[in-house]
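Dear colleague,

I am passing on the structure we spoke about, together with some notes on what turned up when I went through it. Please have it open beside this message as you read.

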Amino acid sequence: MKRVLVAGATGYLGRYVIKELKRQGFYIKVLVRHPGKLNQTGNFLEPSIGEDVDEVAIGDITKPDTLKHICDNIDYVFSSVGITRKSNGLTFKDVDYQGNVNLLKEVENSHVAKFMYIHVCINDDWKEPGPLIEAKKRFVEVLTASNVDHIIIRPTGYFSDLTQFLTMAKKGRVYLIGDGKTRMNPIHGQDLAQFCIQSFSEVNQILDVGGPEILTYEQIAKLAFDVLDRKEHITHIPVGLLNSVSLGLRLFSKHNYGVLRFFMNVMTHNVTAPMYGKHKIKSVFYETI
């Protein structure tokens, strides 16, 4: 039985990874700050996972002293750790970069066979990717230079992010950045979890993956109104206007600047990858409302 340490277990993808690891018979150890969250359900139909976990390690990825020997007797480490919401003054550099570096050092010390990291499917032509993506890219550079075998998964986007379309549609209007014609094929957490676990057989690979259907952002917005049976009201926000806003945020809030730059790039560039899975956006929208 292979033993897997999961960091990011209570997040959207982490919960589905735990479920899939359990289904396939892995021994599951999780790194968490608040173990009580394991028995809670997350947003967007995310499952409770407390009963699926074999071992709980309480620690903080940003505090190296709490990670000592956490990877002993572990075969694989999976990390989807990262922040999108400002928390306790932590930055993308603190968590997405340094936090994962701290974990990687324990992986190296314990001679773990493989480290799987969940990155982002980014394009080389993204303008000003911002501190969120820069932190992730810096960690990938460290990981690929390590003597530990790596597997880097780059999903196009999560279904959980699409709840914002439903939220806006319920309020009567969906706002899109740019013309809404760029395309993406986001992937459901369950499908992505299956892809991740099957990819443990890979060695030193970077794998892009998306869901089974490619849609424009405008089509996704219309699906949200459709499942709610409401009239469409879509407003397009000029990219130039948000560029000006982002410059202000860069001076006063690097966190919000990083999040805004990420979504501006995602929504103004095609983000597609090889199709995988079975979950369709419309059916999941119906399950969510």
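In which loop is the place of Asp229? Asp229 is found in the loop between α6 and β11 (234-237), and please keep in mind here and throughout that this is a predicted model.

**Two residues with positive phi**

As background, most residues other than glycine have a negative phi. Asp229 is not a glycine, and yet its phi is positive, at about 55°; because its relative accessibility is 72%, Asp229 counts as exposed. Asn73, likewise not a glycine, has a positive phi of about 65°, and its place is in the loop between β3 (55-58) and β4. Asn73 has a relative accessibility of 64%, and therefore it too counts as exposed.

**Aromatic rings**

A search of the whole structure finds nine aromatic pairs, of which I describe some here. Phe26 and Phe200 form a tilted pair, with 6.3 Å from centre to centre and 45° between the planes. This pair links distant parts of the chain, since Phe26 is in the loop between α1 (12-23) and β2 (27-32) and Phe200 is in the loop between α5 (189-198) and β9 (205-209), 174 residues apart. Phe26 and Phe200 are both buried.

Phe165 and Tyr217 form a stacked pair, at 6.4 Å centre to centre and with 20° between the planes. Here, too, distant parts of the chain are linked, with Phe165 in helix α4 (residues 163-170) and Tyr217 in helix α6 (residues 217-228), 52 residues apart. Both Phe165 and Tyr217 are buried. Elsewhere, ring pairs link Tyr12, Tyr16 and Tyr158 into a cluster.

Charged side chains also meet rings in this model: Arg3 lies over the face of Tyr27, at 4.0 Å from the ring centre, and Arg138 lies over the face of Tyr97, at 3.9 Å from the ring centre.

**The second largest pocket**

What is the volume of the second largest pocket? The value comes to about 220 Å³. This pocket is lined by 13 residues, among which Thr91, Phe92, Lys93, Pro131 and Lys254 lie nearest its centre. At least two residues of the lining are supplied by each of α2 (92-109), α3 (130-145) and α8 (254-268), and α3 gives the most, with four residues.

With best regards

Methods: Residues are numbered from 1 along each chain as its sequence is written. This is a predicted model: local features need pLDDT of at least 70, side-chain atom pairs count only at pLDDT 80 or more; totals for chains, interfaces and linings use all residues. Side-chain values use heavy atoms; hydrogens and water are left out. On a 1 Å grid over the protein atoms alone, a cavity is a set of points where a 1.4 Å probe fits but cannot get out, and a pocket is an open set with protein on both sides within 12 Å along at least five of seven lines; lining residues have an atom within 4 Å of a point. Grid points are joined across faces, edges and corners, and a volume is the space filled by probe spheres set on the points. Rings of Phe, Tyr and Trp (its six-membered ring) pair if their centres lie within 6.5 Å; planes under 30 degrees apart count as stacked, over 60 as edge-to-face and the rest as tilted. Buried means under 20% relative accessible area, exposed over 50%, partly exposed in between (1.4 Å probe, protein chains only). A charge sits over a ring if NZ of Lys or CZ of Arg is within 6 Å of the ring centre and within 35 degrees of the ring normal.
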